[in-house]
Amino acid sequence: MIRVTINGEEQSIEPQRIDALLRTLGLNPSYVAVEVNRELVKRDRFAGVSIRDGDQIEIVQFVGGG
Amino acid sequence: MTDTWSVGKHVFTSRLIIGTGKYKDFAENKRCLDASGAEMITVAVRRVDLKARGQDSLMHHVPPGSVTFLPNTAGCYTAEEALRYARLGRELGLGDLVKLEVIGDQRTLFPDNEATVEAAKILVKEGFIVMPYCMDDPVVCKKLEDAGCAAVMPLAAPIGSGLGLRNPYNLAIILEQAKVPVIVDAGVGVPSDAAKVMELGATAVLMNTAIAGSKDPVAMAAAMKLGVQAGRMAFLAGRIPRKLHAAASSPIEGMLG
């Protein structure tokens with residue numbers, strides 16, 4: 001297990017790639033954008049980027065706004 | 001000929017752009033969108049709520065492709081922060097448009113002109129179609145246009161204030177000089193406010209609270225549509241000059257002797 005922070009919350013997860021993490025979280029990769037350690041990860045790299053211990057992950061989506 | 005306007009590759013007939021914040025639910029938001037006739041909506045970029053799996057989403061009610069999405073950088077107080085949100089917004093995959101907002105003051109939500117220009121320059125270089133929310137200041141509007149912004153979006157009044165157009169004279173100067181679309185963003189309260197800015201020659205009006213915060217948002221959305229249309233038609237028709245004294249409407253000839 002590794003310790004990571006996802007959207008501000010510390011969690012223990014299995015080491016995995018971003019696409020697998022999104023699946024685990026029940027998120028459609030087409031509707032989210034992801035940053036790892038403040039670096040934007042393009043959608044076509046979700047399957048190629050491994051999450052490491054201590055990573056700060058942000059997962060965002062569109063919400064209502066003015 | 002149809003009266004259209006455009007930004008980037010997007011061509012619009014409707015001159016009303018609506019925000020998607022503060023609605024009771026997405027269904028109401030969608031009904032308002034339909035009633036308003038808007039073809040472009042603003043959206044914000046925020047963290048996914050990991051505790052609310054399978055939650056309802058705006059995208060389920062307003063499918064991408066049915067309208068143009070304009071992601072904003074609302075809530076950002078520095079150029080750097082706004083760049084981060086803009087890049088995340090673009091990564092969400094609905095195009096290169098961005099409503100750039102860099103706020104300079106919490107109480108008024110007035111924009112930080114300097115930081116907005118700074119962020120705009122970088123975003124333009126990165127290929128964004130930048131539509132900046134800005135002060136009703138002709139100088140900053142010119143700077144943003146020179147920076148390569150695709151439009152300028154001066155405020156009518158503070159966001160959500162409903163005060164209406166506070167400075168018609170500045171807007172007139174901005175409209176006189178601008179070579180890009182001028183979209184009045186924020187501060188509209190009622191359809192007459194929207195009509196007023198359109199009568200002056202604004203390209204379009206962007207609003208959120210005026211509709212979402214009204215007692216009957218769907219009815220207000222329909223009213224705003226008419227206000228914007230009335231103002232636009234009046235602008236095209238060309239108003240009469242203002243005069244200090246009367247000019248009789250009925251003929252003097254034929255009066256009884």
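**Terms and their grounds**

In this predicted model, H3(B) is followed by Gly93(B), whose phi is positive, near 90°.

Q: What makes the span of helix H3 of chain B close to the expected one?
A: Helix H3(B) covers residues 79-91, 13 residues, and reaches 18 Å from its first C-alpha to its last. The expectation at 1.5 Å a residue is also 18 Å, because the span is counted as 1.5 Å times one less than the number of residues. The buried residues of H3(B) include Ala79(B), Leu83(B), Leu88(B) and Glu91(B).

Q: Why is Asn37(A) called partly exposed?
A: The relative accessibility of Asn37(A) is 42%. Asn37(A) is placed in the loop between strand E3 (33-36) and E4 of chain A.

Q: Why is Arg38(A) called exposed?
A: Arg38(A) has a relative accessibility of 57%. The term exposed requires a value over 50%, and therefore Arg38(A) counts as exposed. Arg38(A) also lies in the loop between E3 and E4 of chain A.

Q: What places the backbone nitrogen of Arg52(A) within polar contact distance of the side chain of Asp55(A)?
A: That nitrogen lies 2.7 Å from a polar atom of the Asp55(A) side chain, and the cut-off for a polar contact is 3.5 Å.

Q: How do you know that Glu28(B) has no salt bridge?
A: Lys24(B), the nearest side chain of opposite charge, is 4.2 Å away. The limit is 4 Å, so no salt bridge is assigned to Glu28(B), which is buried. Glu28(B) belongs to helix H1 (residues 26-36) of chain B. Leaving aside neighbours within four places in sequence, Glu28(B) is in contact with Tyr23(B) and Pro217(B).

Q: Why is Gly164(B) called buried?
A: The relative accessible area of Gly164(B) is 1%. Buried means under 20%, so Gly164(B) is buried. Gly164(B) lies in the loop between strand E8 (153-154) and helix H6 (168-177) of chain B, and its contacts beyond four places in sequence include Ala156(B), Gly187(B) and Asp193(B).

Q: What makes strand E4 of chain B mostly covered?
A: Of the eight residues of E4(B), residues 40-47, six are buried.

Q: How do you know that E5(A) and E4(B) pair?
A: Five bridges join E5(A) and E4(B), in the antiparallel sense. Pairing requires at least two bridges, so the two strands pair. Gln61(A) stands opposite Arg46(B) in E4(B).

Q: What makes E3(B) a partner of E4(B)?
A: Two bridges join strand E3 (residues 16-18) of chain B to E4(B), and the strands run parallel. Met40(B) in E4(B) is the bridge partner of Ile17(B).

Definitions and conventions. Residues are numbered from 1 along each chain as its sequence is written. Chains are lettered from A and ligands numbered from 1 in the order in which they are written. This is a predicted model: local features need pLDDT of at least 70, side-chain atom pairs count only at pLDDT 80 or more; totals for chains, interfaces and linings use all residues. Side-chain values use heavy atoms; hydrogens and water are left out. A polar contact is a pair of N or O atoms within 3.5 Å; within protein, one must be able to donate a hydrogen and the other to accept it, and residues adjacent in sequence count only if both atoms are side-chain atoms. Helices (H or I, at least four residues) and strands (E, at least two) are DSSP runs, numbered from the N terminus. Buried means under 20% relative accessible area, exposed over 50%, partly exposed in between (1.4 Å probe, protein chains only). Lys and Arg count as positive and Asp and Glu as negative; His and the chain ends are not counted. Contact means heavy atoms within 4.5 Å.
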